[in-house]
Amino acid sequence: MSHSAEMTEERGATKGNAQEPPTPRTQSRTSRVSMGLEGVRIAARSDRALRFTSLLHHITPELLIKSFYALKRDAAAGVDGTTWTDYEKQIHSRVAELHREIQGGSYRAKPSRRVYIPKADGRQRPLGIASVEDKVVQQAVATVLNQIYEADFLGFSYGFRVGRSQHNALDAVTTGIKTKPVNWILDADVQSFFDEIDHDWMMKFLNHRVADDRLLRLIRKWLKAGVVEDGRRIPGFKGSPQGSVISPLLANVYLHYVFDQWAHQWRKRHAHGCVLIVRYADDSILGFEVEEDAQKFLRDMEERFAKFGLTLNPSKTRLIEFGRNAHDARRAKGLGRSETFDFLGFTHCCGKDRKGKFQIVRRTARKRIRSFLAAVSAALRQRMHHRMHDVGIWLGQVMAGYLNYHAIPGGNIFRLNSVRLAVCRLWRQTLRRRGQRHRLQWHRLGPYMNRYIAKARVLHPWPEARFYASHPR
């Protein structure tokens, strides 16, 4: 019987006066919507087999307005060219008509605008930019459905969930490997997952919990709307555009039934040792105590995915020897140093702390550093003739955002200060291209750059501390 290497906890009840109905703090805040959604959440938690037959009435004008202001204000416009600021000017006059269209069934989804962004490995990632109005409705529907599926999703699912972040997933991986007898790591990545979602299976999975035909028709409209690329509309036969508001929730629902429930049952029935599972969207890290378990799981996983139109990416899916015994085991076999794996932008390595105890060393992945520096270099060229003060403020903000994610404890600060130095050099090169009056020596420019770009320091707690704080049991 295998044991979970992470806590698949039930989400605890709200602290405080949980038995009292929520009360709006001001006259302008309505409690009717929150009371209705709270009822959905309670019903979903109390009966895991309940199918909700009436959900669309929770999409109210108040929720649509709230959903609009939850969107990113600087996001790119969709096929209609309407920006967030443009739509805000007509939101209060438009929301009543939009609500009538949704409730009456006359709402029509627009196709997404196809754009490509560079990935860290040099390839292009396709995104679908929905129109602002579609985003508003998708955000409202996601708010309603989250009340149901947050009660269903398992504890090792971290991607795009309320109250969970990439760092929570990283904490779970590190804590699980350090506290459980993990000797093998399976780094599994789904090939073009968002593009390969089968629409029929997607609707079948939603039908397990949602029996409101009007809401299901809304979701099918978004799936079938397709994309516009180079002025040509491409119908949506499969997939869900990556970048749309509803896609992360639909992806989690799809993988909940295809992978999460199956993997949780697999380790109970078939594993001979401990099995660790952590999933963030379509990236999964699985730890095994026994190599035979890992190999069998990989074969069974490929068969399972094939039934639902998914395949594993052969270039990114790897089974490696990793853990507290990996170094000695590989040395006994005459192999080199223990292998590493990348997860959510960090390279994980086997190491030791100052006391000689097993420690996982996490450093920013080199391909992510290269991608970041290339983006900074291109942006600096565009700002070549801006005032140094303005460029300094901008660079400081960019570097602060980078550090907010990557400044973790355990040996990564040295690498981050190297990134900071590389950014300063890129800025110096850009300044030298503006003119040849002087050579801009480091002793003159260094103090000026220090004023704007702070040195790296640890901004995150140790993974075990944060993990056990959020999983007190």
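## Burial and overall form

A residue is called buried when its relative accessible area is under 20%, exposed when over 50%, and partly exposed in between (1.4 Å probe, protein chains only). On that basis, buried residues account for 50% of the 473 residues in the protein chain. The model is predicted: local features need pLDDT of at least 70 and side-chain atom pairs count only at pLDDT 80 or more, while totals for chains, interfaces and linings use all residues. Residues are numbered from 1 along each chain as its sequence is written, and side-chain values use heavy atoms, with hydrogens and water left out.

The radius of gyration of the protein chain, taken over C-alpha atoms, is 25 Å. A compact globule of 473 residues would have a value near 23 Å, which agrees; the globule rule is 2.2 Å times the number of residues to the power 0.38. Along the principal axes, the C-alpha atoms fill a box of roughly 65 × 65 × 50 Å. Of the contacts (heavy atoms within 4.5 Å) between residues at least 6 apart in sequence, 73% join residues at least 24 apart.

## Secondary structure and helix 10

The protein chain has 17 helices and eleven strands, taken as DSSP runs numbered from the N terminus (helices H or I, at least four residues; strands E, at least two).

Helix 10 covers residues 247–269. Its 23 residues should span 33 Å at 1.5 Å a residue, and the end C-alpha atoms are 32 Å apart, which agrees; the expected span is 1.5 Å times one less than the number of residues.

## Aromatic rings

Rings of Phe, Tyr and Trp (its six-membered ring) pair if their centres lie within 6.5 Å; planes under 30 degrees apart are stacked, over 60 edge-to-face, and the rest tilted. The count is 27 aromatic pairs. Phe68 and Trp84 are stacked, because their ring centres are 4.6 Å apart and their planes at 5°. Phe68 belongs to helix 2 (residues 61–69) and Trp84 to helix 3 (residues 84–88), so the pair ties together parts 16 residues apart in sequence. Phe68 is buried at 0% relative accessibility, and Trp84 is buried at 6%.

One aromatic cluster consists of Phe193, Phe194, Trp201, Phe205, Tyr254, Tyr257 and Phe308.

## Charges over rings

A charge sits over a ring if NZ of Lys or CZ of Arg is within 6 Å of the ring centre and within 35 degrees of the ring normal. Arg164 lies over the face of Tyr158, 4.6 Å from the ring centre. The charged end of Arg383 sits over the ring of Trp394, at 4.0 Å from its centre.
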